[in-house]
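Please look through the sequence and the structure before reading the points below.

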Amino acid sequence: FFFLMIRRPPRSTQSRSSAASDVYKRQIIQFGPQGELLFIEGLTKDPNPLIRIECARGLGLFGVRTFRALLFGLRDEDESVRKATSNSIKNNLSLELVLAEFQQKPYQIPALLCTIREILTLPYRLSDKTREFLENLFYSLQADPERMNCLLYTSPSPRDRQKSRMPSSA
């Protein structure tokens, strides 16, 4: 429902303005964890790149706790979604905030390192700042080589279908 609101302007405005989009994102943010899940689902499952862009922007507004979800946007086949995700990371997060978040969650670091490594090897172009951010984060978190034991994905999954944007490693 909320994603349809982002697509259509409110009755009080005549265009798809950034201001109207921001109002809707802020309303969704007020739902807390449920709003966060709406944005994650929109970023990973919606076929419309405009919706995925707005979801990436909305996730950034939640702050550092949505960093892992934002990484899905850096894998998107649509360049505009990747760019919006890069901007969301750049505008809302810092290396220090992300490091502090994951120092409190050491059990998530191995999966995060594998995801970053995967993104850095994708054929998609990342902005220089985003690439630098991910590389700095990767090397800052990799305290020992044991953390780089990434699991290989071998079982079939619905995400293996051609049209899905969900990575098979998710």
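Phe 67, Phe 102 and Phe 133 make up one aromatic cluster in this predicted model. In total, the structure holds four aromatic pairs. A pair of aromatic rings is described by two quantities, the distance of the centres and the angle of the planes.

**Aromatic pairs**

- Phe 39 and Phe 62 form an edge-to-face pair, with 6.1 Å from centre to centre and 75° between the planes.
- This pair links distant parts of the chain, 23 residues apart: Phe 39 lies in helix H3 (residues 33-45), and Phe 62 lies in the loop between helix H4 (49-61) and helix H5 (67-73).
- Both Phe 39 and Phe 62 are buried.
- The ring centres of Phe 138 and Tyr 139 are 5.2 Å apart and the planes stand at 90°, so this pair is edge-to-face, a label that applies over 60 degrees.
- Phe 138 counts as buried because its relative accessibility is 8%, under the cut-off of 20%.
- Tyr 139 has a relative accessible area of 61% and is therefore exposed, the cut-off being over 50%.

**Helix H9**

- Helix H9 (residues 128-141) has 14 residues and should span 20 Å at 1.5 Å a residue, which agrees with the 20 Å between its end C-alpha atoms.
- Its buried residues are Thr 130, Phe 133, Leu 134, Leu 137, Phe 138 and Leu 141.
- These residues lie on the same side of H9, because they cover an arc of only 130° around the axis.
- The exposed residues Asp 128, Lys 129 and Tyr 139 sit on the face of H9 turned away from its buried side.
- The buried residues of H9 are covered by elements including H5, helix H6 (79-92), helix H7 (95-103) and helix H8 (109-121).

Key. Residues numbered from 1 in each chain as written. Predicted model: local features only at pLDDT ≥ 70, side-chain atom pairs only at ≥ 80, totals over all residues. Heavy atoms only, no water. Phe/Tyr/Trp six-rings, centres within 6.5 Å; stacked < 30°, edge-to-face > 60°. Helix = DSSP H or I, 4+ residues; strand = E, 2+ residues; numbered from the N terminus. Buried < 20%, exposed > 50% of the residue type's maximum accessible area, 1.4 Å probe, protein only. Expected span 1.5 Å × (residues − 1). Arc of directions from axis to C-beta. Contact = heavy atoms within 4.5 Å.
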